[in-house]
Amino acid sequence: MFNGEGRAVMRVLVTGATGFIGSHVVELLLSQGHEVRILARASSDVSVLPPGIETVRGDLGQARPALEGVDAVVHLAGTGGGVHARSDPDAGGLRSVNVEGTRQVFQAARDAGVRRGVLVTSMWTMLRPDLAATSPYVASRMDSEAAALEVSGGKLETVILCPAFVAGARDRGPNLPGALILAAMRGRMPIVPAGGMNWIAATDVALAITAALEQGVPGQRYLVGAEHREHAEFFARIVRRTQRRRPVWTVPRSLLKAIAAAADVTLAVAAKRAPIALRHAVDLLSIDAPLDCTPTWRALGEPGGSVDEAVDEAMAWFAVQHGL
């Protein structure tokens, strides 16, 4: 079966469909003429999604019924974790959700005869794999990639996408990038570290995911980013658009790392830890140069959206949701 554009129509299962990126993926798949099924927890509000999808209720470990008769799976469900006890073997859910949940979904997909899969993780698995030794979050994302590829075998062709900071509407969490935008809108971000970050519109991430379903190379990991933005300029623009007129100051990275290191010590004394050590987070949030995503866009197509427009959409959405 083909749609009006000559593209083969697939039945695609999406996990994490009610989340930020997931909602954009579902919307795009429907617009391309694909049949969309989602796996959603009993507590998930599926009314936030457009009509025309099939919903199967269940946790990640109950994915098999949802995968029957499916051609492809997009696995977006995951967790960023939170501050947790250092003695917690599950690291605040990072192991059970990100690693075992991913293993269960891709194992069930392979057993059900699904032929294509896309796993969406994090840019840090490609940029800073060394942090897996100390960061429960980075370790969980790297182990999730390994688990998906391991259980896929030769029967399920699996592609991995590693997005940079994503901006756009419907960031219900919000995720870290959205939380930073929201903080700037509220005037709570007067200082930023030197350097910047690579951003991409949520609609372009969705385009990369759907392209990977059809033309991604099995086993390949793609770094997905679009535009580098220096923090000072990026957040000052947000503040200006809120008409708060508060200055945004750049402070030395060394000073922020010292403050973050002290916070890490405080957590350690309390027998707790963050998903990523705060002193490392300062480095992660302060990239000095644009990311080279040329191989990704050569394979999957160039991004067509504007990061500034995506941020404006995020701000408009946050303004309504949070009464700003």
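Reply: Contact here means heavy atoms within 4.5 Å. The model is a predicted one.

Me: Leaving aside its neighbours within four places in sequence, which residues is Ser23 in contact with?

Reply: Ser23 belongs to helix H1, which covers residues 20-31. Neighbours within four places in sequence are left aside for this list. The residues in contact with Ser23 are then Ala17, Leu49, Arg170 and Arg172.

Me: Is Ser23 buried or exposed?

Reply: The relative accessible area of Ser23 is 2%. Buried means under 20% relative accessible area. Because 2% falls under that cut-off, Ser23 is buried.

Me: With which side chain does the side chain of Ser23 make a polar contact?

Reply: A polar contact requires a pair of N or O atoms within 3.5 Å. For the side chain of Ser23, the distance in question is 3.0 Å. The partner is the side chain of Arg170.

Me: How many salt bridges does the structure hold?

Reply: Side chains of opposite charge can pair when their charged atoms come close. A salt bridge is counted when a side-chain nitrogen of Lys or Arg is within 4 Å of a carboxyl oxygen of Asp or Glu. The number of salt bridges in the structure is 18.

Me: How many residues apart are Glu35 and Arg11, which form a salt bridge?

Reply: The closest N and O atoms of Glu35 and Arg11 are 2.9 Å apart. The pair links distant parts of the chain, with Glu35 in strand S2 (residues 35-40) and Arg11 in strand S1 (residues 11-15). Glu35 is partly exposed at a relative accessible area of 34%, and Arg11 is partly exposed at 28%.

Me: What separates Arg103 and Glu100 in helix H3?

Reply: Arg103 forms a salt bridge with Glu100, with the closest N and O atoms 3.5 Å apart. Arg103 has a relative accessible area of 27%, and Glu100 has one of 36%. Because the two are three residues apart in helix H3 (residues 94-111), the separation is about one helical turn.

Me: Which residues do salt bridges that share partners join into one network?

Reply: The side chains of Asp111 and Arg110 meet in a salt bridge, at 3.6 Å from N to O. Asp111 is partly exposed at 43% relative accessibility, and Arg110 is partly exposed with a relative accessible area of 27%. The network joined by salt bridges that share partners consists of Glu100, Arg103 and Glu150.

Definitions and conventions: Residues numbered from 1 in each chain as written. Predicted model: local features only at pLDDT ≥ 70, side-chain atom pairs only at ≥ 80, totals over all residues. Heavy atoms only, no water. Helix = DSSP H or I, 4+ residues; strand = E, 2+ residues; numbered from the N terminus. Buried < 20%, exposed > 50% of the residue type's maximum accessible area, 1.4 Å probe, protein only. Polar contact = N/O pair within 3.5 Å; in protein donor to acceptor, adjacent residues only side chain to side chain.
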